[in-house]
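Visitor: I'm new to this one. Could you show it to me and walk me through a few spots?

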Amino acid sequence: MAKVPRNFRLLEELEKGEKGQGSDACSLGLADGNDIMMSDWNGTILGPPHSVHENRIYSLKLKCGENYPDAPPSVQFISRINLPCVDQTNGFVDPTKLSCLSGWKREFTMETVLLELRRSMASPANKKLPQPPEGTTF
Amino acid sequence: MSEMSDDDFLSGGSEEDFNDESMDSDFEEEDGTQYLDDKDDRPQKKAYEVDYSVLSEEQIEKAQSDMIDEVHIILDLTPENAAMLLRHFKWNKERLIEQYMDSSQRVLEYAGIDLSGSNKLEVKKVPGFMCDICCEDDDDLETIALRCNHRYCTNCYQQYLFYKIREEGEAIMIQCLNHKCKVLVDPSTIERLCTPEILHRYHELLNRTYVQDKQNLRWCPAPNCENVIDCGVTPNQLQEIVPTVMCSCGHHFCFGCGSNDHQPCPCGLVRKWLKKCEDDSETANWISANTKECPKCQSTIEKNGGCNHMTCRKCKHEFCWVCMGPWNEHGTSWYNCNRYEEKSGVDARDIQAKSRASLERYLHYYNRYANHEQSGKLDKDLYIKTEKKMTMLQSASGMSWIEVQYLDAASKVLQQCRQTLKWTYAFAFYLQRNHLTTIFEDNQKDLEMAVEGLSELFEKPTDQLANIKVEMMDKTAYVSNRRVILLDTTAKGLQDGTWEFTVEF
Amino acid sequence: MALPKRIIKETERLVAEPVPGIQAVPHEDNLRYFDVSIHGPTQSPYEGGVFKLELFLPEDYPMTPPKIRFLTKIYHPNIDRLGRICLDVLKANWSPALQIRTILLSIQALLGAPNPDDPLANDVAQRWKEDEPGAIATAREWTQTYATS
């Protein structure tokens, strides 16, 4: 298969969101519409139903380095959240504690990461974790 | 109890056993469309009914080949070229013939058809040839060229057709691979080069384009339904009529816009209304909430059926879910839950009050619109339960399958009327207030009361259902009849242009 | 998978018979990915500038068009802030008979003849229609600022 270079891959991810073909449970957009390198992204995750996160909307920052998608993006929560994989001092997602980041594959996208975070929020172990007040940020 | 086994027992041959017409005869005028096949026996057409027919995919294909046959004889062309020309002229036969008679050369060129040269596609091996697309140059390479003689390898042509048909959904305007050449790839070449799977898609696309090109045709929008409705109502008539059709698959929809049945509200108002609801959804959200408090004892009440006549479990207070007023007021002649009392001239100078009043007015109509939508959904849930009830009733009372069908009929009528009622509120929202509006609201009120009465019967415990069979059948017939009256008078008004609206549409 | 013959031939020809004012060099580690530079056409606001682009030949090339975008900032009604280009031959009018060479020439021609009636960058197109001299001056400034080394 042809290997899609970083920038064209990021354009694909951007356009998927622009055309509304992405998941309803999360969204993605460029942090700066003028950033020709498309490094910084804003993401949101809609809290999964039947969990403490229901009806909450979580904001995140994602950063795609030069080696993306050979290397995973770095992911940081802006909204405060209590999850085992999230550093409670700064909101960064620990890549060793989220399987799609620790076992990153080139086919994965930023959406893969957001959806896995959402699954983790809904998992039996995490769905009842006490949460900081809604609207607070790291 | 073992409901499953009852279901299993039922699911057998129920559909074949049940003869539609014998049951529906009680509600003859509820849905005139089913009598389309035997127009002669049919009572006079109601003002809200339109003539239409349901066509199958085969009939669509036949209609195309009939027209192709006609044109190929008149213009002395091969059927294939006639087909290509017709498609190019969007099946406007008259225009094609006229222009072809005028200048056949120009028409052929315009449509990308080249009559010169051999019309037999030949697969050739040409020594020393290199395909410009893939750059392969084996002496064994199989190549083809259309009549324009632009030669490429067969493999590239196949891939090209695959892309055009599968990925781009193109069937009619597939041109020669040379980007400057306007010659179309003819259908026989496509038939020859494509796999059966791609060809299937190709024929689907041809049919789809045919239906899109013909103003009198529209696909039935129901999922997995492949029928087409043929109806003569044109877009510029949509202010005067709401062309509602029923496909043979059972789906009711509007021929004008393709949405679900929205009688009596014309397409233009439907669009405006939905846009408004979308814009105002934030305000409207709180209304559609599913729980309210009893106006008397304040205990929380959840609505779980379609009926709006609520009785508080705790204090037995009876009230109307929509306006929260006491229910006994609704049963009398001064029932006024459907009518928005225009507060004439109140604080008219105060802009804020004005905008508040306009929001209040909108909410009045939206509230009722959304409520019937919600009730329709709940009625549908009840319908599913009804099926179970019917089964239970059968075994409990020893009634036969046919004998319990009154529940099914009642449930269908109920849902249809909820659908109609829902749209009466969008319609009323845009009406100027005058004496016609009052008559409309009276009809709306009558239908609404009848619907609530029928809806209420469904909430009876199963063991009582057998006893109210006659009552239920009577009410079903009455409700149907109220719907016909409402639709008929509204449709007449649209045709005669007697309604005055607050907006242009 | 080996690189298709078509891509090899096109690459060879781009090197052997370069188009004046246009360069396209494949990456060593990805022969479908090209660094491109285009010289702004003379007598256009882009004159004197050298614009960097990137081009990628997807798996289905040449059945599907190449993907291409500007990396150098440019003020043009048919090119957006991320360098994406609105050009018919890159979309609906693509034909497998077109080549990298022809596409790059079309892009160069687009620089010489902006089309504000088919805009991708709405704000730029608007200005182009309402105040063409002003828009051209901005295009020239941007060329000086971003496209000259």
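Visitor: How many residues of chain C are in contact with chain A?
Guide: First, a heads-up: this is a predicted model, where local features need pLDDT of at least 70, side-chain atom pairs count only at pLDDT 80 or more, and totals for chains, interfaces and linings use all residues. Residues are numbered from 1 along each chain as its sequence is written, and chains are lettered from A and ligands numbered from 1 in the order in which they are written. Two residues are in contact if their C-beta atoms, placed from the backbone, lie within 7 Å. On that basis ten residues of chain A meet chain C, and the number on the chain C side is 13.

Visitor: And how many residues does chain B put into its contact with chain C?
Guide: Chain C brings ten residues to this contact, while chain B brings twelve. Sorted by class (Ala, Val, Leu, Ile, Met, Phe, Trp, Tyr, Cys and Pro count as nonpolar, Asp, Glu, Lys and Arg as charged, and the others, Gly among them, as polar), the chain B side splits into seven nonpolar, three polar and two charged. So, with the classes drawn that way, the chain B total is twelve.

Visitor: Is C:Cys86 buried, exposed or partly exposed?
Guide: The unreviewed UniProt entry marks C:Cys86 as "active site", though such annotations may be inferred rather than shown by experiment. C:Cys86 sits in the loop between strand 4 (67–70) and helix 2 (100–112) of chain C; helices (H or I, at least four residues) and strands (E, at least two) are DSSP runs, numbered from the N terminus. A residue is buried if 20 or more other C-beta atoms lie within 10 Å of its own, exposed if 12 or fewer, and partly exposed in between, with C-beta atoms placed from the backbone. C:Cys86 has 18 such neighbours, so it is partly exposed.

Visitor: How are helix 16 and helix 18 of chain B oriented to each other?
Guide: Helix 16 (residues 435–457) and helix 18 (residues 469–496) of chain B pack at about 160 degrees, with axes 9 Å apart. Axes are lines fitted to C-alpha atoms, for helices over the stretch in contact, and angles run from 0 to 180 degrees between N-to-C directions. Angles under 35 degrees count as roughly parallel, over 145 as roughly antiparallel, 65 to 115 as roughly perpendicular and the rest as oblique. That is why helix 16 and helix 18 of chain B count as roughly antiparallel.
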